[in-house]
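Biologist: I'm new to this one and would like a close look at a single part of it. Could you pick a spot inside the fold and walk me outward from there?

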Amino acid sequence: MDTGILILRLLVGLLIAGHGVQKISGHLGGKGLDGGADEFRADGFRGGTLTALAAGGGQIGSGLLLAVGFLTPLAATGAIGVMTVALTVKWHNGLWVQNDGYEYPLVLIVAATALAATGPGAWSLDAVLGLWPSPLWWTALVLAAGVGSGLVTRLVLHRPSSNLDAPEQP
């Protein structure tokens with residue numbers, strides 16, 4: 001079981017971190033910070049550069065923490081939060097990724113939730129340091145905090161459709 005959890009942690013964590021790298025740099029096929037800011041503006045978000053930095057930093061941080069299995073509940077909460085925002089952006093396209101749907105963010109949300117439920121496994125920094133909390137109720141807390149933070153972020157930073165062409169206020 002620990003091998004499976006390690007594989008899941010590495011894949012999910014490194015994909016989320018890589019997605020964050022793309023948001024803020026030209027690495028891994030990214031368009032740099034300006035491209036990340038343009039992407040958020042095109043999706044109707046305020047803050048352009050700051051929003052791209054926050055999202056990219058959140059993805060890099062939570063992804064790397066998941067990959068190494070350190071502070072797993074916090075890492076899962078962060079991953080769920082940023083992927084919830086992505087899900088809300090793609091929601092209107094339906095489920096399937098071939099239609100630019102929310103399938104991929106949903107898979108990452110569920111995988112991060114599963115890691116919160118199982119714990120990071122024996123081959124993790126949490127296990128070495130004895131940091132993983134054992135109660136299963138942590139999973140509900142992690143999921144609620146992650147989804148809640150993503151929805152609050154969307155509510156606070158997303159401009160209503162009617163204001164998309166209006167100049168951004170400082």
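Modeller: Let's start at Thr72, which sits in helix α4; helices here are DSSP runs of H or I with at least four residues, strands are E runs of at least two, and both are numbered from the N terminus. A word on what you're seeing: this is a predicted model, where local features need pLDDT of at least 70 and side-chain atom pairs count only at pLDDT 80 or more, while totals for chains, interfaces and linings use all residues. Residues are numbered from 1 along each chain as its sequence is written, and side-chain values use heavy atoms, leaving out hydrogens and water.

Back to Thr72: is it buried or exposed? Thr72 is buried, as its relative accessible area is 1% (buried means under 20%, exposed over 50%, partly exposed in between, with a 1.4 Å probe and protein chains only). Setting aside neighbours within four places in sequence, Thr72 is in contact with Leu66, Leu115, Pro120, Asp126 and Trp132, where contact means heavy atoms within 4.5 Å.

Now look at Leu71, in the loop between α3 (48-68) and α4. Leu71 is partly exposed, with a relative accessible area of 34%. The backbone is worth a glance too: Leu71 isn't a glycine, yet its phi is positive, about 55°. For background, most residues other than glycine have a negative phi. Leu28, in the loop between α1 and α2, also has a positive phi, near 60°, without being glycine. At 58% relative accessibility, Leu28 counts as exposed.

Take Ile16 as an example: not counting residues up to four places away in sequence, it touches Gln59, Ser62, Gly63, Leu66, Ala79 and Leu108.

Glu39 is partly exposed, at 40% relative accessible area. Its C-alpha atom is separated by 9.9 Å from that of Thr49, ten residues apart along the chain.

Finally, step back to the whole chain. It has seven helices and zero strands. Its 170 residues would give a compact globule a radius of gyration near 15 Å, and the chain's 16 Å agrees with that; the radius is taken over C-alpha atoms, and the globule rule is 2.2 Å times the number of residues to the power 0.38. The C-alpha atoms fill a box of roughly 50 × 35 × 30 Å along the principal axes. Of the 170 residues, 39% count as buried. Among contacts between residues at least 6 apart in sequence, 65% join residues at least 24 apart.
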